[in-house]
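Here's a quick briefing to read alongside the sequence and the 3D view. Take a look at the structure, then work through the points below.

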Amino acid sequence: PPWLARGGCVDATVLAAVRGRVRLARQTIDVLRQESADLVVMTGDMCEHARALPEFTAFARGCGGHRALFGVLGNWEAWARADRRALSAAFAAGSGQLLVNQTRFVQINGKTVGIVGLDDPRTGRPDPVAAMLNVPKPDLSIWLVHAPGFVDQVTHVVTPTPALILAGPTHGGQIRLPSVPATRPAGRGRFGEGWYRGAARPPSSSPGLGAGRFRVARSGAER
């Protein structure tokens, strides 16, 4: 199911790694229609082939509507050589926006929420300072980034400090064999899945719905 992040004045639905899974995408849209989340965000790995853009456009259209819809790039968009303008157009079909080191604002429950979308840490150059340059200060800020390990790489002070960081997929330890450490993707860092409230910048990491480079669906996965 979609990853639900609820905290403070914002309810967000996080979608990660639904690429190439048409049936699952349809089920996800059905779930979204039953949810009352303020935000729907996609944290990368949305399209593994450029030829799949029409399918993703239909998916984004189904995820949009009355909710605010935002997305960021993952490594698969780069590997697939997906055209960024086409991806932006796909989000626009759902009245949403693809953010690459950019900030957009939404009004949620009387609060101005800044959505900071960062580039993929593995294949791009995430830059939170550039993303928030010359923009008004919101009541609270939410960052979106594909690889949660990036959080520990931000050593300088960034203002405003995010109230929440939404990331993923980490694949939840996609392949696990007895007595052998789980196979985990690069970029995950120390973050697996769930909330990390003790972190300097509090991330919530989705285990995702995809299978990474390994075409095995899942074996003994954590989630």
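You're looking at a predicted model, where local features need pLDDT of at least 70, side-chain atom pairs count only at pLDDT 80 or more, and totals for chains, interfaces and linings use all residues. Residues are numbered from 1 along each chain as its sequence is written, and side-chain values use heavy atoms, with hydrogens and water left out.

**Two helices packed together**

- Two packed helices are described by the angle between their axes and the distance between the axes.
- Helix α2 (residues 53-63) packs against helix α4 (residues 84-93) at an angle of about 30°, and their axes are 7 Å apart.
- Axes here are lines fitted to C-alpha atoms, for helices over the stretch in contact, with angles from 0 to 180 degrees between N-to-C directions.
- Helices are DSSP runs (H or I, at least four residues), and so are strands (E, at least two), numbered from the N terminus.
- That makes α2 and α4 roughly parallel to each other (angles under 35 degrees count as roughly parallel).
- On the α2 side, the contact (heavy atoms within 4.5 Å) is made by Leu53, Phe56, Thr57, Ala60 and Arg61.
- On the α4 side, the contact is made by Ala86, Leu87, Ala90, Phe91 and Ala93.
- Those contact residues divide into eight nonpolar, one polar and one charged (Ala, Val, Leu, Ile, Met, Phe, Trp, Tyr, Cys and Pro count as nonpolar, Asp, Glu, Lys and Arg as charged, and the others, Gly among them, as polar).

**A salt bridge**

- Side chains of opposite charge can pair when their charged atoms come close.
- The count comes to one salt bridge (a side-chain nitrogen of Lys or Arg within 4 Å of a carboxyl oxygen of Asp or Glu).
- The side chains of Asp83 and Arg85 meet in a salt bridge, at 3.8 Å from N to O.
- Asp83 is partly exposed at 35% relative accessible area, while Arg85 is exposed at 69% (buried means under 20%, exposed over 50%, partly exposed in between, with a 1.4 Å probe and protein chains only).

**Positive phi in the loops**

- Most residues other than glycine have a negative phi.
- Ser95 has a positive phi, near 60°, and sits in the loop between α4 and β5 (97-98).
- Ser95 is exposed, at 58% relative accessibility.
- Asn134 also has a positive phi near 60°, in the loop between α5 (128-131) and β8 (140-145).
- Asn134 is exposed, with a relative accessible area of 76%.

Definitions and conventions
Angles under 35 degrees count as roughly parallel, over 145 as roughly antiparallel, 65 to 115 as roughly perpendicular and the rest as oblique.
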